[in-house]
Amino acid sequence: MNINATLFGQAITFAILIWFTMKFVWPPVVAALDERSKRISDGLEAAERGRQDYAKAELRSQEALNEAKARAAEIIALSEKQAQAIVQQAHDAAVVEANRVKAQAQAEMEQEVMRARDSLRDRVADLAVSGAEKILRREINAQAHADLLTAIQAEL
Amino acid sequence: MTESAAPSSSEYIHHHLTNLVGGTGFWSIDVDTLVTSALLGLIVFGFMASVARKVTSGVPGRTQAAVEMVLEMVQSQVRDTFHGESGIVGPLALTIFVWVFSLNALDLLPVDLVPLLMGSVGIGHWKVVPTTDPNLTFAMSLTVFFLILYYNVKVKKFSGFMHEVLTVPFGAKMAPFNLLFRLIEDLAKPVSLALRLFGNMYAGEMVFILIALLPAYLQWLLGAPWAIFHLLIITLQAFIFMILTIIYLSMAHESH
């Protein structure tokens, strides 16, 4: 092994290579590595944020669902109440109508009865008159005894 | 090996461990070390720069992922060890790791391949693995050493640095001893960095050459395990050089 001027030549080569690495190799690669690690950490952060957002959204949707359920129950209760009221109303109306019909029928019946009684009374009067006629024959003049007949008729 | 009579073992070894030297004396140049290391540096760092130019922060392709893996390994070592503020430590560590690793990896080329190719174009010697040349390892470790000095002075100012040199660890009254200790400590850093890498790779290459001296039908028996083991050595030496550099620079940034 003998040391000679190669030493200087090699030192120069070495220095050039160090300068070259410092300028052209190290900075771009390190920059890319740093940027990638930043991107990865950003991505992880975004994923975490997304996860939290999802959990929040799930909570919100659960809340909305519960609210809708409560509202539906409310509506059902209300409509049930309304239906009951309608039924009650219809019932009442029916009762009123029935009473009305009954009353009308009764009135008609009474009228009928009255009419029947009247016609019966007329018939009886006629029968009485004709009976009396038969009994009394000639002695009785319808015109002459009209007052009497009317009186009898009224008594019936 | 050439068409002439087969060289003896020692000639063969000597041939494979001799640099292609231009010039004489201290001002001579190991052409093979310079050219191989520069060429490989150009290829490897050019490749990394081309990946870095098209780098995306989205889903990386396989090539980009591979470069990123290396860079992230270096970056995490720097982050764990180095707590100062310096833009150079990361790129420096990456340069050291990648360059030393790829230079060491030339060790896995068949020991005769490159000398044979070079011989065919008339070049007599070509030591393939530049990290088996102490000139390269010392060039790197001395560069690191000067960076250590530079950051010592930059962070602690000259007065703070001298204060540390003269008073640690025995206090101001023992200043000469402190200075001596500090000199030994600081000089040991580049020397150990350079010699560790050089020694490991030189010895590894030597073993490969010795295996190549075995009969052809026996070479796999030792060659394969040694090559597989060497994968570890290659990576480990590159890693050690890198991590020690980070540690030394981090020490330079902290006052005792």
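This is a predicted model: local features need pLDDT of at least 70, side-chain atom pairs count only at pLDDT 80 or more; totals for chains, interfaces and linings use all residues.
Visitor: What makes B:Asn19 count as buried?
Guide: The cut-off is 20 or more other C-beta atoms within 10 Å. B:Asn19 has 23 such neighbours, so B:Asn19 counts as buried.

Visitor: Where does B:Asn19 lie, and which residues does it touch?
Guide: B:Asn19 sits in the loop between helix H1 (9–16) and strand E1 (21–22) of chain B. Leaving out residues up to four places away in sequence, B:Asn19 touches B:Asp30, B:Asp32, B:Thr33, B:His125, B:Lys127 and B:Asp133. Take B:Thr33: it is 14 residues from B:Asn19 along the chain, and their C-alpha atoms are separated by 7.6 Å.

Visitor: Which residues of H3(B) are buried, and what do they pack against?
Guide: They are B:Val67, B:Glu68, B:Leu71, B:Val74, B:Gln77 and B:Val78. These buried residues pack against H1 of chain A, and against H2, H4 and H8 of chain B.

Visitor: What makes you call H4(B) mostly covered?
Guide: The count of buried residues: 15 of the 17 in H4(B). As for length, H4(B) reaches 24 Å from its first C-alpha to its last, close to the 24 Å expected.

Visitor: What is B:Phe97 in contact with?
Guide: Setting aside neighbours within four places in sequence, B:Phe97 is in contact with B:Val74, B:Ala238, B:Phe239 and B:Met242.

Visitor: How does the radius of gyration of chain A compare with that of a compact globule?
Guide: A compact globule of 156 residues would be near 15 Å, but chain A has 61 Å. The C-alpha atoms of chain A fill a box of roughly 195 × 20 × 20 Å along the principal axes. Chain A has two helices and zero strands. Of its 156 residues, 8% count as buried.

Visitor: How much of chain B counts as buried?
Guide: Of its 256 residues, 32%. Chain B spans about 70 × 55 × 35 Å along its principal axes, taken over the C-alpha trace. It has eight helices and two strands. Their order from the N terminus is α-β-β-α-α-α-α-α-α-α.

Visitor: What share of contacts in chain B joins residues 24 or more positions apart?
Guide: Among contacts with a separation of 6 or more, 69%.

Visitor: How many residues are in contact between the chains?
Guide: 38 residues of chain B are in contact with 27 residues of chain A. On the chain B side, H2(B) gives the most, with ten residues. By class, that side has 23 nonpolar, ten polar and five charged residues.

Methods:
Residues are numbered from 1 along each chain as its sequence is written. Chains are lettered from A and ligands numbered from 1 in the order in which they are written. Two residues are in contact if their C-beta atoms, placed from the backbone, lie within 7 Å. Helices (H or I, at least four residues) and strands (E, at least two) are DSSP runs, numbered from the N terminus. Ala, Val, Leu, Ile, Met, Phe, Trp, Tyr, Cys and Pro count as nonpolar, Asp, Glu, Lys and Arg as charged, and the others, Gly among them, as polar. The expected span of a helix is 1.5 Å times one less than its number of residues. A residue is buried if 20 or more other C-beta atoms lie within 10 Å of its own, exposed if 12 or fewer, and partly exposed in between; C-beta atoms are placed from the backbone. The radius of gyration is taken over C-alpha atoms; the globule rule is 2.2 Å times the number of residues to the power 0.38.
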